[in-house]
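Here is a structure to walk through step by step. Have a look at the picture first, and then read on.

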Amino acid sequence: MVNIEGLNFAYKKGIPIFRDFSWKIESGERWSIIGPSGCGKSTLLYLLAGLKLPDSGRITISNGQSGVHKGKTGLILQDYGLLPWSTAFQNVALGLKIQRFSKAVVHQTTTLWLKELGIDSVASHYPGELSGGQRQRVAIARTLVLHPSLLLMDEPFASLDTLTREDLLNLTLSLWRKEPSTMVLVTHNIEEAVFWGGHILVLGKAPNSLCTIIDNPGSGQSDYRESHEYRSRCQQLRGLIQTSANSVGGTEQ
Ligand code: ADP
Ligand code: MG
């Protein structure tokens, strides 16, 4: 579970991005975050990943078991962030090595995830020898080997072609179905947000104060895109984004 209470955050020289902002995610939920460029989507993920600290307020991440502690978070970015001089295998294995797992465990776990993501045939290739889709699969595998209880994705598929993007969206959904961990996907694409997220957080022009949320229970089904519910949800979201883009401080739920 993720609980943000009364978050205030501003970059040193800028206007506040979040002002008394609160938001809650239950364990195992899938959330899309959408909003205009510069509204604070990436900033929110960095705050959740612990890469930035709130000026005030509280961010609590627990893994659903008893006791509150900082659950493990995994962050996947658009530009892959792979080491160019390491093979796909070595990139995926890196986190496990850093955590000093035994050679056998590193080998076994890495092999398993390469297979799971359909990139075992390119295990010995370097990032420069892979397609964009394959590189992003390596980035996903590299994050998932560490079993994060919270998976954060910042426009991870934005630079890929439509078919590869859909393919990878479906892949994250099937991974979620197998093991429903908590996932957050930032996207600027309305259709993607509605297809993927069981809930959608809409951010507006900074500073964001009130949390605008759409619940989207039909999402993730393979035929959801053909449904009336999907189309009306897209329309609702389009309207909300227009409203929040024009109003400072976001709109009410
Ligand atoms: P989004 O991901 O929604 O496009 P960001 O979270 O990247 O937005 O940025 C939110 C705002 O904060 C933007 O106005 C951006 O210019 C500003 N910003 C982002 N990073 C920094 C930084 N390191 N220093 C100062 N301002 C920043
Ligand atoms: Mg961003």
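Below we go from the sheet to the helices packed on it, and then to some aromatic rings.

Keep in mind that this is a predicted model. Let's begin with the sheet: it is open and built from six strands, in the order β5-β6-β7-β3-β8-β9, with mixed pairing. Strands β5 (73-76) and β9 (212-215) sit at the edges with a single partner strand each, so one side of each has no neighbour in the sheet. From one strand to the next, the twist averages 20 degrees.

Now zoom in on one pair. Strands β3 (residues 30-34) and β7 (residues 182-186) run parallel and are joined by four bridges. Here you can find Ile-33 standing opposite Val-186 in β7. Helix α1 (residues 41-49) packs on the sheet, where it touches β3, β5, β6 (150-154), β7 and β8 (199-202), and its direction makes about 155 degrees with that of β6. Helix α4 (residues 132-144) packs on the sheet too, touching β5 and β6, and its direction makes about 170 degrees with that of β5.

What about the rings? A search of the whole structure turns up four aromatic pairs. One of them is Phe-9 with Tyr-11, edge-to-face, at 5.0 Å centre to centre and with 85 degrees between the planes. Phe-9 has 6% relative accessibility, so it counts as buried, while Tyr-11, at 34%, counts as partly exposed. Tyr-224 and Tyr-230 also make an edge-to-face pair, with 5.5 Å between centres and 70 degrees between planes.

Finally, look for charges over rings: Arg-30 lies over the face of Trp-176, 4.4 Å from the ring centre, and the charged end of Arg-225 sits over the ring of Phe-195, 3.7 Å from its centre.

How values were computed: Residues are numbered from 1 along each chain as its sequence is written. Chains are lettered from A and ligands numbered from 1 in the order in which they are written. This is a predicted model: local features need pLDDT of at least 70, side-chain atom pairs count only at pLDDT 80 or more; totals for chains, interfaces and linings use all residues. Side-chain values use heavy atoms; hydrogens and water are left out. Two strands pair if DSSP finds at least two bridges between them. Helices (H or I, at least four residues) and strands (E, at least two) are DSSP runs, numbered from the N terminus. Axes are lines fitted to C-alpha atoms, for helices over the stretch in contact, and angles run from 0 to 180 degrees between N-to-C directions. Contact means heavy atoms within 4.5 Å. Rings of Phe, Tyr and Trp (its six-membered ring) pair if their centres lie within 6.5 Å; planes under 30 degrees apart count as stacked, over 60 as edge-to-face and the rest as tilted. Buried means under 20% relative accessible area, exposed over 50%, partly exposed in between (1.4 Å probe, protein chains only). A charge sits over a ring if NZ of Lys or CZ of Arg is within 6 Å of the ring centre and within 35 degrees of the ring normal.
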